[in-house]
Amino acid sequence: MQIQSRFCSHRLAALLISLTFWSGLPGPVHAQEELRIATSYKLMTLDPHYANLNENTSLLSHIYERLVYQDDRLDLQPGLAVSWRAVSDRQWQFKLRENVRFHDGSPLTADDVVYTIERIRDFLKSPSGGFRSYVTGIESVSAPDPLTVVIDTNGNIPNLPLSFSSIFVMNRPAQGFQTTEELNAGRAGHPPVGTGPYTFESWSSGEVLKLARNDDYWGGRPGWPQVTFRVIESPAARVAALSTGEVDLADAIPARDVASLKQRGARIASVGAARINFLQFDVERDRLPGVTDKSGEPIANPFKDALVRRALAMATDRGILVDKILSGYGTAAAQVFPVGLPGTSETLQPEAPKYDEAKALLAKAGFPDGFNLLLAGPAGRYPGDGESLQAIAQSWARIGVKVQPAAAPFSVFNTKRAAGDYAVWYGGASGEAVDIILHALLASPDPESGNGALNFGHYRNQAFDAMLARAESIQEGPERNRALAEATEFVMADQPIIPLYHFHHIVGYGPRVASYAMHPRGWTTAMQTLAATE
Amino acid sequence: MPLISVVLGRLSQAFLLLIAMSLIGFIGVHSVGNPVFNVVNIETATPEDIHAATIALGLDQPIWRQYLAFIGNVVSGNFGTSYIYHLPAFELVMSKLPATLELASIAMLIAAPLGTGLGLLAGRRSGTLFDRTMVKASVSALSIPSFWLAMMLILVGAILTGWFPSGGRGLTASFLGQEWSFLTGNGLWHMVLPALALAIPNIALIARLSRSGTIEVENLDFTRFCRAKGLSSRRILLRHTLPNISVPIVTIIGLQFGGMLAFAVVVETIFSWPGVGKLLIDSIQLLDRPVVMATLTFIAVAFVALNALVDLFYAVLDPRVRLSS
Amino acid sequence: MKAQIVSALKRRRHGPVLTASKLLLASYILVAIAAPLIAPQNPYDPLQIYGWEASSPPGTRGSGGYLYLLGTDGLGRDIVSTILYGLRISLVVSIVSSALAALIGLTAGVSAAYFGKWVDIAIMRLVDLQLSLPTILIALIAIVTLGPGIDRIILALIIAQWATYARIARGVALSEANKPYMDAARLMRLPTSRIIFRHLLPNSIAPAVTLIPIEVGHAVALEATLSFLGLGVPIDKPSLGSAVANGFQYLLTGQYWISLFPGLALFGLIASINLVGEDVRRSLDPRNHSL
């Protein structure tokens with residue numbers, strides 16, 4: 001028996017060895033020219049107007065294009081429109097690019113832009129609202145000639161071109177509107193047709209998107225004959241797929257995996273995201289859940305006092321968040337976008353923690369012993385979210401503020417926040433430009449105008465509202481950016497939120513990609529790659 | 001006649017189980033939070049957007065009405081549409097099934113022969129050092145929480161040695177209209193660690209069972225008779241002992257296969273294996289209720305059906321066993 | 001009952017593995033009780049933790065006079081202290097839940113046997129329902145429904161475990177109920193509760209009690225698994241299971257100590273409970289006395 005069992009174990013060893021041996025070989029040989037990308041973006045629909053989420057738009061931007069393109073400095077560049085100008089306070093004119101053809105051969109005309117706006121505004125009823133908020137200010141749209149679009153607005157909208165850096169242009173079908181179902185059916189229905197550098201091949205939801213080169217692309221021949229996106233939601237699996245060479249590129253790499261990926265020969269590109277993660281206070285209610293004095297008795301809302309907010313901000317060690325929790329792949333924040341992007345202030349810089357001063361401020365506000373609070377946040381939604389809560393608890397403990405961190409899954413967190421269960425919480429915001437975030441996060445909430453949609457703490461500052469409104473009435477350009485920076489400086493002195501960090505988008509790539517140009521909006525596209533030449 | 005009543009009893013029991021589970025699961029997911037925050041882009045959505053999305057998903061209705069609507073749909077074979085993927089929920093579960101099925105099958109293909117073999121050897125030599133080591137080892141192997149076992153396999157098999165990938169499914173090939181990993185070398189290579197994680201506790205379980213069976217059979221008269229007849233011990237073990245202990249072993253294999261579907265939740269999560277178990281955990285986190293319900297129902301039905309099959313098999317194979325209600 | 005267990009423990013011949021696991025289990029319980037006295041750091045007190053010393057490898061000397069014997073986790077908590085405090089949570093959760101599950105299960109099983117008829121049918125239907133699904137799935141559904149928190153975890157584990165006890169207790173109680181002393185008790189017109197709690201329950205208890213140690217082992221593993229899946233204890237008070245889970249994401253980056261050491265502690269705990277539990281069960285099993 002002994003002999004036989006030994007024999008068995010030999011066989012097992014042989015099996016294991018042969019498996020290991022296979023592993024040494026490269027995977028099945030791919031056509032040299034195929035670009036394989038592992039992405040975290042799920043791509044839930046092929047309808048470009050269904051939901052305004054990076055998860056859809058990042059991948060669909062291969063097929064569809066926008067009138068205006070936002071470059072990596074977030075400045076507006078010509079896309080399908082070569083130029084645009086405000087004819088008056090309430091009218092815009094866009095000139096379209098000549099000789100652009102859709103994948104089905106039909107030419108791009110102004111009527112297709114009219115159709116696109118009609119489809120978003122009048123036809124689609126997607127549960128998420130889609131892009132409707134971008135076109136609500138549009139009174140009417142017309143096409144006086146095939147290459148001119150005239151848009152009348154029902155108010156002064158100086159940043160209308162920015163809206164068109166989000167909206168994908170579709171072509172008008174023979175009659176009616178394309179439905180979401182028809183587009184999602186892919187080849188069995190109406191496969192998506194755009195003007196973009198790659199054409200649609202096949203798709204299976206949540207798994208794979210295959211694209212082919214559009215040889216007639218107006219911008220020149222795209223770099224890869226074939227592009228395949230594999231949706232791999234788990235970060236660990238994306239890292240594994242990149243390090244075994246199954247894919248040439250993987251996005252949303254966790255910062256802590258960067259070192260080991262580099263060791264295994266992958267290269268890394270990263271950029272500070274055009275977004276902000278912050279702590280937000282409820283400054284409206286008189287009593288707050290979870291906020292008590294040291295003996296556990298409820299106290300009046302301390303966050304109404306700017307001194308308290310200021311003290312807590314001074315006692316926040318962003319260095320730990322950025323260097324330890326984000327492993328260096330984050331930028332400490334003092335405003336809504338990383339310094340250097342349009343509309344940011346050079347003078348607002350993140351400060352090192354000053355515990356003694358903070359404690360003095362707190363004493364001045366009437367809390368020499370500090371108080372207790374519950375700090376809420378989502379778990380696993382943003383890089384470093386759950387850990388940040390605990391790191392902040394460590395910092396604030398130093399000035400006597402005892403923090404009970406409470407992390408919950410994202411939707412649970414939002415349900416509770418909406419129900420008023422939280423006093424102070426961790427949040428995130430992103431947008432096309434500084435003013436959009438300022439508008440949503442810090443403008444006084446007003447359901448009518450849609451201002452302050454993310455201002456869940458109900459912070460109201462009329463002087464700031466006026467400064468923001470003035471800045472927004474200025475045309476795109478340095479003057480507008482300066483006014484936005486001043487408004488930011490003004491409002492941050494009042495510390496309505498505590499900006500924490502701008503995490504970095506991190507992409508890893510293998511030998512078949514020569515370089516990758518990061519975009520602060522966090523898109524992952526084949527167009528950002530440069531193929532390695534043999 | 002008794003067979004029919006047993007089958008009917010089983011069916012009504014399964015039915016009751018499904019109703020109870022669906023009710024608890026439905027209310028459970030509902031009470032956790034509002035999935036609408038995963039549907040809209042919370043960073044750009046206005047309150048109206050959120051309100052519109054709530055209505056579009058039917059979440060503004062009272063919970064009992066939502067449940068009745070759900071049951072009505074299920075009766076007509078429709079579990080609803082995933083909030084996140086905009087796909088029919090049951091279809092989504094089925095699309096993840098091949099990944100789970102092939103993983104569980106490979107794990108069982110490792111566990112069954114290895115466990116039986118070890119058990120036979122230990123039982124044959126009961127009381128020896130090998131036997132005692134085997135018993136202690138099997139208790140230890142059954143003590144390891146499955147998630148920690150999986151992590152240690154990653155540590156040893158992927159991080160320290162770099163032999164195997166730490167997660168993911170690798171390349172797949174198409175067969176019968178589904179994507180399978182076991183058909184590609186790369187896929188098999190990805191499967192080694194997760195399959196071992198599922199297999200190791202089962203090796204221990206099967207080994208214990210076959211050991212105690214072997215000890216029992218070895219003490220029976222016919223084994224002694226065979227030995228007296230001069231048959232080689234190897235022949236006795238393989239031709240006489242093995243068939244005699246096969247019934248409980250096949251039973252446990254059937255039961256454990258169902259258990260693997262449940263434990264796949266843990267192993268698949270750790271190895272990022274895109275199967276049914278990972279879908280369940282992800283959907284719970286995302287509050288994707290249609291998918292949670294479809295997955296729970298599927299796992300419960302599969303588990304109950306496997307149990308019934310095992311009982312049936314038991315009755316057919318071993319005439320001493322009579323089905324009782 | 002206690003004397004029985006103690007004498008059983010004394011009577012057994014001890015192999016070296018068993019002796020070792022008894023010692024291990026005893027020391028686990030001791031250090032869990034003494035954790036606040038012997039742990040270098042209170043990992044629940046943010047003032048004692050230094051975030052800048054996060055992810056220090058084993059043996060690092062930190063500020064505040066700490067020697068991080070087994071390193072620190074991603075937030076700067078000392079791993080030794082995390083293990084000691086986590087052990088307390090794991091043990092309390094599993095022992096309390098197993099004891100309550102046993103109590104509830106026994107009462108339900110014995111009541112089912114005593115009352116028969118619809119009580120029996122109702123209780124056993126419920127038991128059958130539960131036992132027809134894997135425990136981990138039951139625990140999962142329970143914790144999702146109940147929400148997070150240590151008390152909720154205990155409740156979820158009770159829900160997941162009571163049925164096993166109920167089925168065994170009912171079987172034993174059924175055979176007990178037909179014995180002459182029960183007839184006598186009924187003839188004496190003793191109150192029902194007295195019959196159940198003073199006579200039927202104590203006599204049916206032995207076979208179910210032998211289950212408890214094994215079920216405590218199961219409970220530790222279940223709690224750890226739920227916490228690992230992110231459905232368990234609060235983030236700032238890690239149990240052994242969630243300490244391992246916290247380290248999982250660091251495992252791939254080579255910071256093995258964050259999850260390895262809590263994991264080893266967890267494995268040792270469950271293995272020693274199981275080995276000792278098996279032994280207790282075997283020595284209390286009447287069929288074994290002849291051996």
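I'll start with one residue: Pro43(C) is buried, because 27 other C-beta atoms lie within 10 Å of its own. Buried here takes 20 or more such atoms within 10 Å, exposed means 12 or fewer, partly exposed is in between, and the C-beta atoms are placed from the backbone.

Before going on, this is a predicted model, in which local features need pLDDT of at least 70 and side-chain atom pairs count only at pLDDT 80 or more, while totals for chains, interfaces and linings use all residues. Residues are numbered from 1 along each chain as its sequence is written, and chains are lettered from A and ligands numbered from 1 in the order in which they are written.

Back to Pro43(C). It is in the loop between helix H2 (16-38) and strand E1 (60-61) of chain C. Helices (H or I, at least four residues) and strands (E, at least two) are DSSP runs, numbered from the N terminus. Which residues does Pro43(C) contact, leaving aside its neighbours within four places in sequence? They are Ile49(C), Arg77(C), Asp78(C), Ser81(C), Thr82(C) and Tyr85(C). Contact means C-beta atoms, placed from the backbone, within 7 Å. Lys237(C) is 194 residues away along the chain, yet its C-alpha atom is 7.8 Å from that of Pro43(C).

Chain C as a whole has 11 helices and 2 strands. Of its 291 residues, 52% are buried. The C-alpha trace spans about 75 × 45 × 30 Å along its principal axes.

Next, chain A. An open sheet of 4 strands there is ordered E4-E5-E7-E6, with antiparallel pairing. Strands E4 (81-88) and E6 (138-145) of chain A are at the edges with a single partner strand each, so one side of each has no neighbour in the sheet. From one strand to the next, the twist averages 20 degrees. Axes are lines fitted to C-alpha atoms, for helices over the stretch in contact, and angles run from 0 to 180 degrees between N-to-C directions.

Inside that sheet, E5 (residues 91-96) and E7 (residues 148-153) of chain A pair over 5 bridges; pairing requires at least two bridges found by DSSP. Gln93(A) has Val150(A) in E7(A) as its bridge partner. Helix H3 (residues 110-123) of chain A lies across E5, E6 and E7, at about 165 degrees to E6(A).

Last, the contact between chains: 42 residues of chain A touch 44 residues of chain B. On the chain A side, H1(A) gives the most, with 6 residues.

Conventions: Two residues are in contact if their C-beta atoms, placed from the backbone, lie within 7 Å.
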